[in-house]
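Please read the following account with the sequence and the model side by side.

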Amino acid sequence: MIGLSLGMAAFILIFQYISFEKSVNGFHANLPNLYRILLEVSFQGETHTWESVPPALGPLAKDKFPEVKSYCRVIAGSGNGVVTFEKENKKEPKSFREEKIVYADGNFFQVFSFGQQIGNANGIELPNTVAISKASAVKYFEQENPIGKVLTLNNQFGKTLYTVTSVYADFPANSDLQYDMVFSLQTLANPANLNGNSWASLESLDTQFIETYLLLNNTANYRSFESKLNEAKKKLRPEAEEIIRLQPMTSMHLPSSLSDYYRTSGNLKFIYILQGIAILILVIAWFNYINLSTASAMKRAKEVGIRKVNGATKAQLIRQFLGESLLMNLGAFMIALAMVNIIQKMYNELIGKNLSLSVLSENQLWLVGLLLLVVGSVGSGAYTSFALSSFKPSETLKGIFSKSDRGQLLRKSLVVFQFTISIILIASTLVLYRQLSYMQNEDLGVKIDQLVVLSGPEVIADTTIKTRTRAFRNELDQQAFVADQSMSGSVPSTWYNYSTGGFTKANPQPGDEKINYSIMYIDERFLPLYEIKILAGKNFTQEDCAKSFNTNDKMIVNERASKLLGFESADKAVGQLILTDGNKKYEITAVINDYHHQSLHKTIEPLIIYPMNNAHYFTVKISGDHIQENMKQLEKLYKQYFPGNPFEFFFVDENYNKQYKAEQQYGLIFTIASLLAIFIACLGLFGLASFTVEQRIKEIGIRKVLGASVFQISKLVSKDFLILVTISILIATPLSWYAMNQWLQGFPYRTEITWWIFGIAGMVAVLIALITVSSQAIKAAVSNPVESLRSE
């Protein structure tokens, strides 16, 4: 009962997560006809897709093709900034840095199915209007009616006032689109880049900064329509090599198959792995039940024989034992539900999601899970029922079945299967944590300890921002706990400023202009602060960083960019001129080492760095142990020089490790699964050991009378079980090695699978099995042999 309950509880909890992942975006009424436009390009044997497309692509598709019912464009991420509400009777305005805001077309809430609370559903069709979430309404306006109130947004597009026209329900957790504020896209409109409806209105397909969703008619075939779009593009813009792709919104979170290479926000491979783990744990529990039921059949053998002698048919016996089995499974299922309710809160905290049993009803997956539970329960019960009802009265009354080869082979096979799965899970968990440790401890080529990053000011009240920035930095240098500081547009553990192509050397080769380079801005103190090595050349000067972007003519590149630009070594790259697609020339002043700007999930990007005093981030190297006091002092200085801006910060090393959250969750799930599997397997082994001791109780008594020691008796009983565990190790080792080697191939930087991983997994299995079996063997060995020998 315990084994079945644990197996079912684990199955239900894992299926909650799977059901949630499969329900993402499933609530949109237009889901079957919604598609996201992607651009695809192939270069040097690799295919890449991205969701940022030219703004005119949506209007063009609607204007030229009857298949398109509507379109909706959004700008997410790049519009993030500081939102302020200034109340008349309050001196201190409410300001928050918002990371979940978006600019969208006026039909956003008609194309997507997000619940509206109050206000005008079409309220963001006009410029300078905004719709906000219910949570944002409470955050900024508390109990007041937000409709008609004015919010100020400060971001890269400047300072703009927006009138609140509607309040919508907070977006559900199972949505890929997560926005707290939806601003009118028409606020940014100009005829050249937003409202054009022809290919001629675009300078090139390189002007990509917007996501576009198409709502097709019910009769439209999206594959056929995709071909039409590409044919039209080819006729009107033959020089553009990008291919237009339509990604169904049903495949935007989880791809339709593992071979789907389009960008997604979920991990289908992990879902498949979870499904396998859930089913295997459940199967182990059922095998455990079959094993114990058939092993203890001797206790009911005489009952079966007597029933048959008194006229019971095989069908009657099957119904009886099947009924008992189903009741056992039903009881285990009820206990499993109680277990799930008890540990649900802790489980949700571990995986970072708010799940419950109701999640299972959000799609048809619960039917699959229920069917699997019913089939498994009936199957395991049916086998036991047929096995018990097949006894012959002439044999069962003598207990012959318990000694048959058939019964022993079944029990041994099930033990081997259970421990094989357990060892695979243990070895996989060790490999997973080894890879996680490798990524967290590998030399990044950059120093990230004791570095705190402050977000730069977005609210710029006047033209003195540069003066105040210089004063703030001078004040930082005066603080005893500040060892050094820098200003930059990007920092390690975050995105680059942007990426672009079009860079070539003086004598370019065909295709050079297609290479994409990541771009970031730094000041002259950035490289020394982060201890990034200069392989050749020299760092930017303070004078270089004081220049505007248009007058700057210098750049620093990393090793990879240097090689892609065609230079054999760092020394040969220094002093060379690089051309942009606008024919502007830049001199390479230095080549730096290839460092990991982001996690080890990604290969090191070719990087081009420009000098500029960009105040998007301040990096401060702090010393001393009084972190809280130091942060309070930093906050005081920040608010003194940048009033109206929220003080926000993060530590670089902590932000870096957040990128491995998925692997940490995987490791946790595998650890729990391994513990459950080995525990359930040991329950079966414990029962089998008890049964074996019971069957050999007289033999053990005689051996003890003849002088056998406790160790000898324990060895006698344990030997057969340890042989089974050894067979499991031999089977599990190559299987787990192959599975984890395939998993590691998805990482550009990965650890090695060493022999000791399987040695530890095997030793753990042997040790646990030995403890489980020996406990029963020792109990029998220390018992009084008189009790066992006088039983008859």
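The term pLDDT denotes the predictor's confidence in each residue, on a scale from 0 to 100, and a contact means heavy atoms within 4.5 Å. This is a predicted model, in which local features need pLDDT of at least 70 and side-chain atom pairs count only at pLDDT 80 or more, while totals for chains, interfaces and linings use all residues. Residues are numbered from 1 along each chain as its sequence is written, and side-chain values use heavy atoms, with hydrogens and water left out.

The mean pLDDT of the protein chain is 84, and 90% of its residues reach 70 or more. Over residues 191–206, however, pLDDT stays under 50; the model has 46 contacts beyond four places in sequence for this stretch. Where pLDDT is low, the predicted coordinates should not be read in detail.

The C-alpha trace of the protein chain spans about 105 × 65 × 60 Å along its principal axes. Its secondary structure comes to 23 helices and 25 strands; helices (H or I, at least four residues) and strands (E, at least two) are DSSP runs, numbered from the N terminus. Among contacts between residues at least 6 apart in sequence, 79% join residues at least 24 apart. Of the 792 residues in the protein chain, 49% are buried, where buried means under 20% relative accessible area, exposed means over 50%, and partly exposed lies in between (1.4 Å probe, protein chains only).

In soluble globular proteins, nonpolar side chains tend to be buried together. A nonpolar core is here a set of buried Ala, Val, Leu, Ile, Met, Phe, Trp, Tyr and Cys residues joined through side-chain atoms within 4.5 Å. The largest such core has 112 residues, and those with the most contacts inside it are Tyr17, Phe419, Met520, Tyr530, Ile532 and Ile609. Helix α19 (residues 661–695) supplies the largest share of this core, 14 residues. Apart from it lies another core, of 35 residues, among them Leu39, Leu60, Val130 and Tyr162. Beyond four places in sequence, Tyr17 has contacts that include Phe270, Leu274, Tyr347 and Lys353.

Strand β3 (residues 68–76) has two pairings to follow, two strands being paired if DSSP finds at least two bridges between them. With strand β12 (residues 211–216), β3 pairs in the antiparallel sense over 6 bridges, and Tyr213 in β12 is the bridge partner of Cys72. With strand β6 (residues 101–104), β3 also pairs in the antiparallel sense, over 3 bridges; here Ile75 stands opposite Tyr103.

Leaving aside neighbours within four places in sequence, Ser5 is in contact with Ala332, Ile335, Ala336 and Met339.

Ser623 is placed in the loop between β24 (617–622) and α17 (627–641). At 31% relative accessibility, Ser623 counts as partly exposed. Ser623 and Ala483 are 140 residues apart along the chain, yet their C-alpha atoms are separated by 6.3 Å. Beyond four places in sequence, Ser623 is in contact with Gln450, Ala480, Phe481 and Asn630.
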